[in-house]
Amino acid sequence: MQRRKFIRYTAASFFAAALGGEFAGQMPWQNVQAQTDNSLNIQWLGHTCFLFSHQDRKILVNPFQNIGCTQGYRQPQVEADMVFISSHLLDEGYYEPVRGRYKLLMESGMYQLDGLQVQGISMAHDRKGGDRFGTNVAWQWMLADINILHLGGAAAPISFEQEILMGKPDLLFLPVGNGPKAFDPETAKQAVDTLKPKVIVPTHYLTQAANTQECDLLPLDNFLQLMPDTPVRRLGSDTWNGTAADIPEEQTIQVFEYNFAAGG
């Protein structure tokens, strides 16, 4: 039976904390402690789930149960030190099988954990202001000198206040495939135009693992067609390893390939 620690943010307002108070004079995306090793490994585990590994730290974002929209993916059963979930929905918030003594973040706010500053940003999880699916939490942090922003299952356009908190990410993990609780391709492009990330990693789109009838997901190409001037780099792998120096200055779309052949 795994052991975990749930970290709850208790300050009055994460927006106020991001712009003043304890973190005054520090932009919301800055890391508290500089990293000494610049190598970052990122593995796509399906849908919006990614594992970020740096030195001896492993951060898992949005583990899922393989039912519904994620039924064709293998359920993530990896070891992690920290787990961030965007909601309690089973396609992005099922953390029971995760192994290790991990710290679980599930609410918006500003956190300082083991020398890492993490920010959870509240967003609507549907196009009706959250009336149907409630709140989505986008996660922002710096690892290996790389500014990472994972939008989870964002559905509504990014507000001015959210834009301030999100900053200008190096890596933007962006839902692009529509469905009732994520950006459609057009809104995803609006998010790119707003945030101006260096690298866009599409998530939450139709693959052979998705249940199309239930989820109404669109193929990745629907989003790519809206970005004709942005280079697309297809990794041919579920894993990327690199440093901040490997982040291109020219905006690029980076597409991971899910490893359907892997066992487990």
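Leu 90 sits in the loop between β5 (82-84) and β6 (102-105). Helices (H or I, at least four residues) and strands (E, at least two) are DSSP runs, numbered from the N terminus. The model is predicted: local features need pLDDT of at least 70, side-chain atom pairs count only at pLDDT 80 or more, and totals for chains, interfaces and linings use all residues. Residues are numbered from 1 along each chain as its sequence is written, and side-chain values use heavy atoms, with hydrogens and water left out.

Buried means under 20% relative accessible area, exposed over 50%, and partly exposed in between (1.4 Å probe, protein chains only).

| Residue | Relative accessibility | Class |
|---|---|---|
| Leu 90 | 37% | partly exposed |
| Thr 48 | 0% | buried |

Contact means heavy atoms within 4.5 Å. Beyond four places in sequence, Leu 90 is in contact with Phe 64, Gln 65 and Ile 67. Its C-alpha lies 9.2 Å from that of Asn 62, 28 residues away in sequence. Thr 48, counted likewise, touches Asn 62, among others including Asp 91, His 150 and His 204.

Now the core. A nonpolar core is a set of buried Ala, Val, Leu, Ile, Met, Phe, Trp, Tyr and Cys residues joined through side-chain atoms within 4.5 Å. The largest one has 71 residues. Phe 52, Trp 141, Leu 151, Leu 174 and Phe 223 have the most contacts inside it. Strand β9 (residues 135-143) gives the most to this core, with 5 residues. Leaving aside neighbours within four places, Leu 174 is in contact with residues including Leu 151, Phe 183, Ile 200 and Phe 223.
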